Every structure is written in structure tokens, then in C-alpha cells.
Amino acid sequence: MNFPPRLIVLLKAAERITVLTGAGVSAESGVPTFRDAQTGLWAEFKPEELATPSAFRRNPRLVWEWYAWRRKLVAEAKPNAAHIALIEMEKRIPDFTLITQNVDDLHRRAGSVNVIELHGNITRTKCFDENLLMTTWADTGEVPPRCPRCGGLLRPDVVWFEEAMPEEETARAFGRSANCDVFLCIGTSSVVYPAASLPFEALENGAIVVEINTEPTQLTGKADYVLSGPAGILLPELIRTVWSDGGF
Ligand code: OAD
């Protein structure tokens, strides 16, 4: 792709970059997105039956098993060229923050360091009653398994609809969005709040906002630059163009 020359200059000069990623970044690893018309999870499954506390109370086994299936899927997936490009960007930028809505752990597995997980992480498990993380429990064959401390049911450590966002992560995400030179919004439909307001927070505070997506979103008309195409192709190309230092 021929990137706008001004964007290359801005990225070269940037000292503070904040990135927000969504499910589109993991699409090329074979992890399904949520809202893509044919292949998105919410085209096949109903969020209110699987991703709310009341769904878990109603049918904990169904919810646990759905997440167990997704946990296996992401464990078998590998970070793709977009995840790897973001590590390369982190190495080159003094003040770099990666905010992700993804629960698949692929950014960390790729090697990203400064990651804010806004919606939790599917590889972690916590107690539904006590909200405490649990790393081990007795394998009694019960589904879901029970908390070894209180006997409550265990659940994935992800944010469900109707649940509060993690406070510290959300505050840090807003802070890093309001204090950056360039904000990159990659592979998210920008419809789930508060994550969807982060690029607007960046815009209001004078950052240059760049969107990378295969489809238009509500941000498309507002972003300073829109790069249309798959993140796994565009991000490595962009990084090679900006930092042609032979290291990547
Ligand atoms: P969505 O499924 O809503 O959006 C994925 C976006 O990625 C869409 O805009 C696609 O056009 C774009 N996309 C697909 N493939 C791409 C590719 N190869 N390169 C670049 N872009 C691509 O996923 P999110 O925006 O992440 O929340 O969804 C936000 C939240 O809604 C999720 O974190 C999840 C879901 O309900 C919770 O589970 C709390």
C-alpha cells in the first residue's frame, strides 16, 4: 500500500503511541470475530444466553462449556503478523501502550509487554461469588468446577454484558488515550462502549487518529487516516515503511 507520506512522518516523530485492538486483529489467526456478518460469533450465538451473569446463573454448564470451547480455540491459535508487528512498534516507541478488547491472550503470547486488557482474559478463571482469581481447583468432574475456597461456581475472567468494566484498566486506558501523539484503532467495529469512546478521547486531546479495518465503522469519518484492509498485511507494511532500519 502507498501510505500517506504525512502519516509516515508523524509516526516517525511520535514518542507516545496508544493502540486499541479488537477481534479483527486476531481474525487472521483463525479466531472468530463477534460481528462479522457470516463468521462472527454473535451471528451464530446469542450474547444474552452466553455472556451475561444472568445467563450463567440460569445455565452455568452451557456458559462454561461455550467458554471452554473458545479457550481451546484460542490455545490452538497462533499470533499473526499483526500481533508481531505491534511488538516491533513497542520496541521502537518510548511510550507505547496497547489496549485490547480481546480476551484471547494473543498479544501477550506474541510478546507485547505494556498491554491493558479491557475485557479480561479467557485463559484466567475466577470465582463467580467471590470474584477472586483461581489457578487450581479439584477435578471432581463437576461442570463448572467449584471454587476451592468457598465452593462457589468458577467462571472465565472476562467482562460480560451487564457487568462493570475493570476500574483500574479502564482508567489507565482513558489516560493513555488522552495522552498520546498517535492513536491507532485496529480491527474493532467500535460499537462496544466504553472502548469505542477511546479514539474520540484521543481526538479531543489532539492526537492523530489512524484506523485500520477491513470495513468502515463509526470512526471512519472522524479518523485522520483510514487504512482499509487486513491488519496482518497493513501493519507489518506500515512498520517496515516507517522504521526501515532493517530490524523487521
Ligand atoms: P467485532 O466483531 O465487533 O468487530 C471486528 C472488527 O474487525 C470489524 O470492524 C471488522 O470489519 C474488523 N476486521 C475483521 N477482520 C479484520 C482484519 N483481518 N483486519 C482488520 N480488521 C478486521 O469485534 P470487537 O470490536 O472487538 O466484548 O468487539 C468488541 C467487543 O464486543 C468484544 O470485546 C466482545 C464483543 O461482545 C465482550 O465480550 C465483553
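Predicted model: local features only at pLDDT ≥ 70, side-chain atom pairs only at ≥ 80, totals over all residues.
**Entry 1: the ligand site**

I started with the ligand and asked which pocket holds it; the ligand sits in the largest pocket. Next I listed its neighbours. There are 24 residues around the ligand, and F34, R35, T188, S189 and N213 come nearest. I then sorted this shell by class and found nine nonpolar, eleven polar and four charged residues.

On the nitrogen side I looked up E28, and a polar atom of its side chain lies 2.8 Å from a nitrogen atom of the ligand. How much of the ligand's accessible area does the protein cover? The ligand has 790 Å² of accessible area on its own, and the protein covers 93% of that.

**Entry 2: the loop between helix 2 and helix 3**

I moved on to the loop that runs between helix 2 (24-27) and helix 3 (41-44), where S29 is found. Is S29 buried or exposed? S29 counts as buried because its relative accessibility is 15%, and buried means under 20%. I followed its side chain and found that it reaches the backbone oxygen of K78 at 2.6 Å.

T33 has its place in the loop between helix 2 and helix 3 as well. With a relative accessible area of 8%, T33 is buried. Which side chain does T33 meet in a polar contact? My note says D36: the two side chains are joined by a polar contact of 2.5 Å.

I keep the background in mind here: most peptide bonds are trans. I therefore wrote down the exceptions I looked up.

- The bond from V143 to P144 is cis, and its omega is near -5°. P144 has its place in the loop between strand 5 (133-134) and strand 6 (154-158).
- The bond from Y193 to P194 is cis too, with omega near 5°. I found P194 in the loop between strand 7 (182-186) and helix 10 (198-204).

I looked at D105 and read a phi near 70°, which is positive in a residue other than glycine. D105 is found in the loop between strand 2 (95-100) and helix 8 (106-110). Its relative accessibility is 16%, so D105 counts as buried.

E162 is not a glycine, yet it has a positive phi of about 75°. Where does E162 lie? I placed E162 in the loop between strand 6 and helix 9 (167-178). E162 counts as exposed because its relative accessibility is 66%, and the cut-off for exposed is over 50%.

I finished with a few pairs of residues that are separated in sequence.

Q101 has its place in the loop between strand 2 and helix 8, the loop where I had already found D105. Q101 is buried, with a relative accessible area of 12%. How far apart are the C-alpha atoms of Q101 and V192? They are separated by 9.4 Å, while the two residues are 91 residues apart along the chain.

K91 lies in helix 7 (residues 81-92). At 60% relative accessibility, I logged K91 as exposed. From the C-alpha atom of K91 to that of R172 I noted 20 Å, for a pair 81 residues apart along the chain.

R176 lies in helix 9. Is R176 buried, partly exposed or exposed? R176 counts as partly exposed because its relative accessibility is 23%, which falls between under 20% and over 50%. The C-alpha atoms of R176 and S26 are separated by 22 Å, and the pair is 150 residues apart along the chain.

Methods
Residues numbered from 1 in each chain as written. Heavy atoms only, no water. Near = heavy atom within 4 Å. Polar contact = N/O pair within 3.5 Å; in protein donor to acceptor, adjacent residues only side chain to side chain. Areas by Shrake-Rupley, 256 points an atom, 1.4 Å probe, with all protein chains shown as cover. 1 Å grid on protein atoms, 1.4 Å probe; cavity = no way out; pocket = protein on both sides within 12 Å on 5 of 7 lines; lining within 4 Å. Sits in = over half its atoms within 2 Å of the grid points. Nonpolar A, V, L, I, M, F, W, Y, C, P; charged D, E, K, R; others polar. Helix = DSSP H or I, 4+ residues; strand = E, 2+ residues; numbered from the N terminus. Buried < 20%, exposed > 50% of the residue type's maximum accessible area, 1.4 Å probe, protein only.
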